[in-house]
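Please walk through this model with me, one region at a time. Keep the sequence and the 3D view side by side.

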Amino acid sequence: MSELKSYTISEFEKYVDDLRVSRDISLIQVHHTYSPSYKQFTGNNHITLQSNMRSYHIKTNGWSDIAQHFTIFPDGVVVTGRSLEMIPAGIKGANSGAICIECLGNFDRGGDKMRDLQKCAIAAVIRILADKFGINPETGIVYHSWWTSDGKKIGDYNATKSSKTCPGTNFFGGNSRSAFEKNLLPLITQYNNKKDSTQPLKSVESINDIIWELCNACIITDSNLWMKKCKEDNNTYWLCRKMANYLRGTL
Ligand SMILES: [Zn+2]
């Protein structure tokens, strides 16, 4: 079994860049762990939690290894799991050709409120992997809830037919295909994978773009708070704008 290693997003980008995978990959599965959730995350027990999940999947579920290839933690850190050379144990009927990503937390309604750092990391990880394996984000990203428990594809969440609510009824506004297209897909397509950009970047001025840039670089954690600050105080806006353009290389 492969060693469990943790990466920041910029380290993850480099790690994926250097990867050589012989298995054909055409699909990215998105899940939430449900348990463990935010309650079990202490801020520095990434590897312990991942290792506990591995033990549970092997000893209790009888699988050969941890189900997922990657787990994304509330602080935006990514931890590796099963080798990418192996098919995951993620969605019955959709495992061959897939990468399985787990987002640590319970994102059903009434569960954990996802931190901005984790939101950014989820969009980033998906984009980095999609670029690496030539996957179109519009067609190649799937939620567990779009399948039945006997492995039939529904293509959307259906409360009576879906095997699970996973990745959660409140995951980026919901676990339906339309919630994905409205809330997560734009973050994935906007993610600025700098090394792959062929067009010169434009400087950012709008508060939304500025905050997105700072969030993307994991400099701020509460985007709503900083949007409010930028709207209320011109000096804060000016500083954030400088920072955002510095990060983009457009200052
Ligand atoms: Zn799932």
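The buried residues of helix 6 are Ile207, Ile210, Ile211, Trp212, Glu213, Leu214, Cys215 and Asn216. Bear in mind that the model is predicted. Helix 6 is mostly covered, with 8 of its 10 residues buried. What do these buried residues pack against? Their partners are helix 3 (116–133), helix 5, helix 7 and helix 8 (234–248).

Take the partner helix 7 next. Helix 6 spans residues 207–216 and helix 7 spans residues 223–232. Their axes lie 10 Å apart, and the packing angle is about 135°. An angle over 145 degrees would count as roughly antiparallel, and 65 to 115 as roughly perpendicular. Helix 6 and helix 7 are therefore oblique to each other. The crossing of helix 6 past helix 7 is right-handed. Which residues make the contact? Helix 6 supplies Ile207, Asn208 and Ile211. Helix 7 supplies Ser223, Trp226, Met227, Cys230 and Lys231. Sorted by class, the contact of helix 6 with helix 7 has 5 nonpolar, 2 polar and 1 charged residues.

Now follow the chain into helix 8. The axes of helix 7 and helix 8 come within 5 Å and cross at roughly 120°. That angle makes helix 7 oblique to helix 8. On the helix 7 side, the contact uses Trp226, Lys229, Cys230 and Glu232. On the helix 8 side, it uses Asn234, Thr236, Tyr237 and Cys240. This contact of helix 7 with helix 8 divides into 4 nonpolar, 2 polar and 2 charged residues.

Is Asn245 buried or exposed? Its relative accessible area is 5%, so Asn245 counts as buried. Leaving aside neighbours within four places in sequence, Asn245 is in contact with Ser203, Val204, Thr250 and Leu251.

Turn to the metal site. Which residues are the protein donors of the zinc ion? They are His31 through ND1, His144 through ND1 and Cys166 through SG. These donors lie 2.1 to 2.3 Å from the zinc ion. Along the chain, their spacing reads H-x112-H-x21-C. His144 and Cys166 both sit in the loop between strand 6 (141–143) and helix 5 (177–190), so this pair ties together parts that are 22 residues apart in sequence. The cut-off for buried is under 20% relative accessible area. His144 is buried, at 10%. Cys166 is buried too, at 5%.

Finish toward the start of the chain. Arg23 lies in the loop between helix 1 (9–18) and strand 2 (27–32). Is this arginine, Arg23, buried or exposed? With a relative accessibility of 13%, Arg23 counts as buried. What surrounds Arg23? Leaving aside neighbours within four places in sequence, Arg23 is in contact with His69, Leu84, Glu85, Met86, Ile87, Pro88, Asn95, Gly97 and Ala98. Met86 shows how the fold brings separate parts of the chain together: Arg23 and Met86 are 63 residues apart in sequence and 7.8 Å apart in space, C-alpha to C-alpha.

Conventions
Residues are numbered from 1 along each chain as its sequence is written. This is a predicted model: local features need pLDDT of at least 70, side-chain atom pairs count only at pLDDT 80 or more; totals for chains, interfaces and linings use all residues. Side-chain values use heavy atoms; hydrogens and water are left out. Donors are N, O and S atoms within 2.8 Å of the metal (3.2 Å for Na, K and Ca); water is not among the atoms, so sites may look incomplete. Helices (H or I, at least four residues) and strands (E, at least two) are DSSP runs, numbered from the N terminus. Buried means under 20% relative accessible area, exposed over 50%, partly exposed in between (1.4 Å probe, protein chains only). Axes are lines fitted to C-alpha atoms, for helices over the stretch in contact, and angles run from 0 to 180 degrees between N-to-C directions. Angles under 35 degrees count as roughly parallel, over 145 as roughly antiparallel, 65 to 115 as roughly perpendicular and the rest as oblique. A crossing is left-handed if the near helix is turned anticlockwise from the far one by less than a right angle, and right-handed if clockwise. Contact means heavy atoms within 4.5 Å. Ala, Val, Leu, Ile, Met, Phe, Trp, Tyr, Cys and Pro count as nonpolar, Asp, Glu, Lys and Arg as charged, and the others, Gly among them, as polar.
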